[in-house]
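Me: I have a model open and want to learn to read it. Please take me through a few features.

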Amino acid sequence: MLRRPLVPLLVAAPLALAALTIHAPPARASTFVETSVEETARVADAVVRGKVLRTAARWVGGRIVTEAEISVASAWKGDPGERIVVAVPGGRVGDLAQRVSGAPTFQADEEVVVFAARAGGGRWGVAGLALGKYRVEAGQARPDLSGVRFETRPLALGERPVGAMPVEELERRVRAVR
Amino acid sequence: MSRRTKALAAATVLLAAAPALAYVRSTDDGTGACFYWGPRQVPYVINAPGAAEDGALQASCGAGAAVAAVRAGFEEWSAQTCTDLALVETVAGSASTQVGYLRSGANENLVVFRRGWCRDAAPDGSGDPCLTASGAGACDTVHNCFDDRLLSRSTIALTTVTYSPSSGQIFDADMELNAWDGASGTFATTNPSDGWYFSCLAPLARTLCGIYGQDDCNAMDLQNTVTHEAGHFIGLAHPCEVGQAGNDCTSADAPTTMYPRANLGEYSKRDLDADDRQAVCDVYPAGAATLRCTSSSDGDGSGCGCGTATPTGALATLLGLAALAPRLRRLRRRQDTTTPA
């Protein structure tokens with residue numbers, strides 16, 4: 001019996017699946033004013049590069065808040081110590097989830113750059129929400145702006161809008177901020 | 001691979017990679033379930049007590065104009081004849097300031113005008129009881145300020161959606177508008193010391209405001225902002241992401257209300273674009289079932305792909321499946337013919 005190889009099927013199937021998924025990014029959204037990396041760094045109390053150790057979500061009143069513990073590899077601004085716990089709105093607790101538009105999300109083992117802001121009582125938040133968290137992969141630092149809507153405005157000369165860039169450039173821009 | 005299969009597969013790749021004028025639905029990151037409201041009548045309430053009169057908004061938002069702008073932003077979605085989704089203001093005015101979801105007790109879908117920052121209303125070390133409270137006692141609820149400790153001063157408007165991650169069904173949605181505290185302000189800063197300045201002028205060509213407190217000029221157009229946020233309220237996401245390879249925005253996306261950029265003073269997004277209309281028509285079709293998405297755990301999804309109801313995306317999918325069909329038929333015939341009796 002003639003048996004045709006299954007290779008064409010194996011090629012075409014992922015294509016069809018890709019077409020289904022390419023148009024389905026997860027999304028959250030809020031409206032921010034156009035912001036530069038430098039401006040985000042200025043309002044941050046600390047900027048760190050590190051790795052997410054763990055995350056945990058809980059109810060705080062009617063809000064779900066997720067805390068991410070980060071092991072600090074280097075601090076580009078401030079001195080937050082070897083570990084920092086940042087709280088961000090949104091997350092999942094049991095059979096309920098809360099999506100807060102424009103809030104960043106964290107995953108365990110994720111390498112990140114975080115622009116942290118003191119939230120009082122020894123707590124930390126993320127400055128600029130999604131604008132203040134970058135995922136680092138293969139030398140690139142990339143914020144998740146899928147849920148961000150920008151109200152555009154001119155930025156200061158020489159400053160770069162929040163967006164994907166080499167992690168070295170991100171560090172240089174942060175460290176140059178006074 | 002036959003020539004026909006190759007051609008179809010190539011077309012699939014090209015179409016899937018091409019910039020698409022395409023609405024996108026919000027989905028749960030874990031399950032992929034698309035957000036949707038169960039009931040077709042979704043109530044909301046507005047808390048805007050004297051917002052303009054108190055100086056938190058431009059004078060153009062006075063005498064009920066702010067509330068009218070919010071209503072218009074919601075009505076723009078439910079006014080489409082192809083849908084029976086009804087976003088209904090059930091109570092004329094609300095005094096509630098509490099955002100979020102109460103697991104026991106009544107909830108309301110709130111649109112609230114925050115005024116100024118919570119760090120200013122209840123400074124660190126002030127001893128204000130709200131600093132250690134949550135829920136009804138939290139600072140944003142007590143002082144109706146924007147929680148700039150948890151959130152961000154660069155935020156102009158923000159929508160919080162509580163939903164089932166398995167099905168995607170929305171249970172509650174609240175919209176916070178981060179309004180001015182009436183003190184001072186300029187558009188030149190990312191994190192203004194006094195909130196954001198909204199205007200409610202009719203869509204006429206006017207100059208842009210330079211500083212807060214100016215009248216007869218366009219600032220952050222309230223209705224423009226609310227119409228966009230109301231899209232998120234009903235479960236829609238942005239059609240693209242600026243600067244994101246593979247999903248970058250194009251000029252074709254720009255006219256949509258759900259486009260992720262807006263210019264200061266813009267009001268064109270008060271009116272839905274064809275893509276926005278298609279979204280609400282597809283997800284909440286008049287007299288027909290809500291378009292749901294398959295999720296990993298609820299098992300009763302309709303099998304649709306979130307955000308695939310787009311001319312380009314759907315065509316790419318169909319072409320991909322068309323390319324597969326002969327293979328699948330052949331595979332099935334082979335299985336049929338080789339199954340032992």
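Reply: We go through the strands first, then a helix. This is a predicted model: local features need pLDDT of at least 70, side-chain atom pairs count only at pLDDT 80 or more, and totals for chains, interfaces and linings use all residues. Residues are numbered from 1 along each chain as its sequence is written, with chains lettered from A and ligands numbered from 1 in the order in which they are written.

Me: How many helices and strands does chain B have?

Reply: Helices (H or I, at least four residues) and strands (E, at least two) are DSSP runs, numbered from the N terminus. Chain B has seven helices and eleven strands.

Me: Which strands does β6(A) pair with?

Reply: Two strands pair if DSSP finds at least two bridges between them. Strand β5 (residues 91-93) of chain A runs antiparallel to β6(A), with three bridges. Gly91(A) has Gln98(A) as its bridge partner.

Me: What lies between β5(A) and β6(A)?

Reply: Two residues, in a hairpin. Gly94(A) in the turn has a positive phi of about 60°.

Me: Which residues of α2(B) are buried?

Reply: A residue is buried if 20 or more other C-beta atoms, placed from the backbone, lie within 10 Å of its own. In α2(B), the buried ones include Val67(B), Val70(B), Phe74(B) and Trp77(B). An α-helix has 3.6 residues a turn, so residues three or four places apart point the same way. The buried residues of α2(B) pack against elements including β3 (41-47) and α6 (274-283) of chain B.

Definitions and conventions
Buried ≥ 20, exposed ≤ 12 C-beta atoms within 10 Å, placed from the backbone. Contact = placed C-beta atoms within 7 Å.
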